[in-house]
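The points are numbered and can be read beside the display.

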Amino acid sequence: MTTTTASKSLADEAAQVMRAVTLIKLGARMQVLESEIPKLSRERLIRLYREVKGASPPKGMLPFSEDWYLTWAPNIHTSMFANVYAFLETYSDGLDRVDLLTRAYGLYAEHFQVQGELLQMDLTRAWTFIRFRDAGILRLAGCTRCRGKFVAHAHEPSHSMVCGICRPPSRAGKTKAAAKAALERSVALAQAA
Ligand SMILES: [Zn+2]
């Protein structure tokens, strides 16, 4: 092995570790890490997880079903994330899935934290959404009233779709204003391109 190859593979490994640490800090569970950082062994990922979090990763499978993304507040949060993700996917060259995920999730989290709102969605849920989207189970569909794009079932007809902001449940006062601001921001971000 030449020195160049050796230092190249060291640098690559360091990069993989950095990516794993970023994901762990944002709340990724083991399934996310094993799927997105396949170059690091499971044992290595568990050790990194313990180092970053100070505790062992939770055991068990992810309990998520696609229906969670369609309930009111989670739908608005996921839609904000999904719009940012789609924007970055379209306009940022050379970003892979881990980059897209960490950047879009970072922007999503920052936005709602600035609003003083609790995050509905952790990074693992965001990752699971992308899996559902890529599998053709969920997609972004346009609201027929406000023209914003919201997460919907892929098989749901889009000509009659009305989003959760245009038709909120009665208990939804304060969150409604924050959600509207979030969607306006993601639309502005997309239009700035
Ligand atoms: Zn709407």
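Where in the chain is Ile137 found?

1. Ile137 lies in the loop between α6 and β1 (138-142), where helices (H or I, at least four residues) and strands (E, at least two) are DSSP runs numbered from the N terminus. The model is a predicted one, in which local features need pLDDT of at least 70 and side-chain atom pairs count only at pLDDT 80 or more, while totals for chains, interfaces and linings use all residues. Residues are numbered from 1 along each chain as its sequence is written, and side-chain values use heavy atoms, with hydrogens and water left out.

2. With a relative accessible area of 30%, Ile137 is partly exposed; buried means under 20% relative accessible area, exposed over 50%, and partly exposed in between (1.4 Å probe, protein chains only). Not counting residues up to four places away in sequence, Ile137 touches Glu66, Phe132, Ala152, His153 and Ala154, a contact being heavy atoms within 4.5 Å. The C-alpha atoms of Ile137 and His153 are separated by 6.1 Å, although these residues are 16 apart along the chain.

3. Taken as a whole, the chain has 7 helices and 2 strands, and its elements run α-α-α-α-α-α-β-β-α from the N terminus on. Of its 193 residues, 41% are buried.

4. The axes of helix α4 (residues 72-91) and helix α6 (residues 123-134) come within 11 Å and cross at roughly 65°, the axes being lines fitted to C-alpha atoms, for helices over the stretch in contact, with angles that run from 0 to 180 degrees between N-to-C directions. The two helices are therefore roughly perpendicular to each other, a label given to angles of 65 to 115 degrees, whereas those under 35 count as roughly parallel, those over 145 as roughly antiparallel and the rest as oblique. Where they meet, Thr78, Phe81, Ala82, Tyr85 and Glu89 in α4 face Ala126, Phe129, Ile130 and Arg133 in α6.

5. Val84 has its place in helix α4 and counts as buried, at 2% relative accessibility.
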